[in-house]
Amino acid sequence: MLVKTRGIVLSNIKYRETSIITKIYTEALGVQSYIVNGVRKKGNGSRVALFQPFTLLEMVVYTSHRGGLSRISEFKTDYSLVSIPFDIRKSSIVLFLSEVVSRTVKEEEENLPLFHFLYSAITTFDEMDSGFENFHLVFLLQLSSHLGFGPSSGTEVVEQVAFSPNAQSATSAPTVLAMQVHEKYFDELLQEPDYASIPNGRVRRELLDILIRYYQLHVDRLGDIKSLAILSEVLAE
C-alpha cells in the first residue's frame, strides 16, 4: 500500500554502491527505515543531500504489515533549509539532536504532537540568524516532555541526576552542590528560554552533561551520544 506523508530524516548509512538505508520519522507512520536506491550516484544524479539529518521531506512510501525495511516511491523537499547545511555550528547541533531523537523515539505509529514539535523546532532553528547558543538545551527539555519524562523545574533535573545510583558519588556534597548551582539556569530554560542568562560555553556544556545523564536515567539503553564530541568541539567557546 502507498501512503503520502511528510518525514524528518534522522540518519542514513551507505548501502551497496549507490544506495542508502535511511531512518525517517514520518508524520503518518512514526519511525520507519527505508532503502533508497541510486541516490549516491556521482555527478548531478546524486540526491543523497536530501537525506542529511533533519531534512524535511514530502514522500510517498510503501507500507507492509510485515514491517522491516520498506521503500520510498517518491520524495522531494518539503521545506528547503537555508542555513543549517551551511553553518558548521548549526549543522553540528542538528547532528547531535538528530542522534538523540533517533535513539529516543522508537514508535512505529502516528504521533502528531511530537512530529509537529520536531518540524516546528527545525524550521525555527533554520530561520534563526543569531542567539541560538541554547537551542539544543531548550530542545532537549521540550523533547523530554513529549517523551513522557519532562521536568517541571531545575531542581527535579538536578536531584534526579545527582542522587541517581549511577552518579559518581551520590553522597558527595561537592558534586551535588556543583550541580545545584545550575538549577536556576534550568528553570530559565524551562520557563523563559528566550531570556536564559547562561554566562558562557563552560556552563552550557555542564548543563548539557547533566541533561544527557537525565535522559540516560529515563531512556533504556540510550548509551553514549557519539556526535557529542563534535558538538563540544564546535561550541567550545
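1. Glutamate 58 comes out as partly exposed, at a relative accessible area of 22% (buried is under 20% relative accessible area, exposed over 50%, partly exposed in between, with a 1.4 Å probe and protein chains only). Keep in mind that this is a predicted model, where local features need pLDDT of at least 70, side-chain atom pairs count only at pLDDT 80 or more, and totals for chains, interfaces and linings use all residues. Residues are numbered from 1 along each chain as its sequence is written, and side-chain values use heavy atoms, with hydrogens and water left out.

2. Glutamate 58 has a salt-bridge partner in lysine 4, with 3.5 Å between the closest N and O atoms (the criterion is a side-chain nitrogen of Lys or Arg within 4 Å of a carboxyl oxygen of Asp or Glu). Glutamate 58 sits in strand β4 (residues 56-62) and lysine 4 in strand β1 (residues 2-15), so the pair ties together parts 54 residues apart in sequence. Helices (H or I, at least four residues) and strands (E, at least two) are DSSP runs, numbered from the N terminus. Lysine 4 counts as exposed, at 60% relative accessibility.

3. The structure holds 7 salt bridges. Another of them pairs glutamate 99 with arginine 103, the closest N and O atoms being 3.1 Å apart. Both residues belong to helix α1, 4 residues apart, or about one turn of the helix. Here glutamate 99 is buried at 15% relative accessible area, while arginine 103 is partly exposed at 24%.

4. Arginine 213 counts as partly exposed at 22% relative accessibility, and so does aspartate 209 at 40%. Elsewhere, salt bridges with shared partners join Arg6, Glu27 and Asp78 into one network.

5. Helix α3 is mostly covered, with 9 of its 12 residues buried; among them are Phe135, Phe139 and Leu143. The cover includes α1 (88-104), α2 (112-127), α6 (183-191), α7 (201-218) and α8 (228-234). Just after α3, glycine 148 takes a positive phi of about 100 degrees.

Key
Contact means heavy atoms within 4.5 Å.
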